[in-house]
Amino acid sequence: RGLHSFPTRRASDLAGLAVVPFAISGSAAIHRRGSLRIRSGPARISFAEPITADEVAAMSTNELHDRVLRAVQRGLEGQNVVSAGDDDASTRSMEVA
């Protein structure tokens, strides 16, 4: 259905905190808009590379919003950006059934 808008705190409110952007896909089939019923089905959660506290402190609110938005869009497109390090058993994304 596309990317829904999301709230972003003012960057100054997040000073001293890292931000981990994430995307959830498949949730529309599990929880339909306007319904209280939760259905069984697959969903995927993709985590992007964390934005460090120092990076957040140096960003304006608009810069933070744009960076998070780009990371979420990549996650929804299946382009996970978290590196697995030396271990190929990455936790970049996970399927939730």
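1. Start with a cut-off. A residue is partly exposed when its relative accessible area lies between the buried limit, under 20%, and the exposed limit, over 50%. Phe22 has a relative accessible area of 45%, so Phe22 is partly exposed. Keep in mind that this is a predicted model.

2. Now look at the aromatic rings. The count comes to one aromatic pair. Phe22 and Phe47 form it: their ring centres are 6.2 Å apart and their planes meet at 40°, so the pair is tilted. This pair links distant parts of the chain. Phe22 sits in strand 1 (residues 22–25), while Phe47 belongs to strand 2 (residues 43–47). The two are 25 residues apart.

3. The largest nonpolar core has 10 residues in all. Among them are Ala11, Leu14, Val19 and Ala23, and also Ile51 and Val56. Met59, Leu64, Val68 and Val72 belong to this core too. Helix 3 (residues 61–76) gives the most to the core, with three residues.

4. Check the confidence before reading details. The mean pLDDT of the protein is 75. Of its residues, 71% reach 70 or more. Confidence is highest in helix 2 (residues 53–58), at 91. It is lowest in strand 3 (residues 93–96), at a mean of 52.

5. One stretch needs a separate remark. Over residues 81–91 the pLDDT is below 50. Beyond near neighbours in sequence, this stretch has 11 contacts in the model.

Conventions. Residues numbered from 1 in each chain as written. Predicted model: local features only at pLDDT ≥ 70, side-chain atom pairs only at ≥ 80, totals over all residues. Heavy atoms only, no water. Phe/Tyr/Trp six-rings, centres within 6.5 Å; stacked < 30°, edge-to-face > 60°. Helix = DSSP H or I, 4+ residues; strand = E, 2+ residues; numbered from the N terminus. Buried < 20%, exposed > 50% of the residue type's maximum accessible area, 1.4 Å probe, protein only. pLDDT = per-residue confidence, 0-100. Contact = heavy atoms within 4.5 Å. Core = buried A, V, L, I, M, F, W, Y, C linked by side-chain atoms within 4.5 Å.
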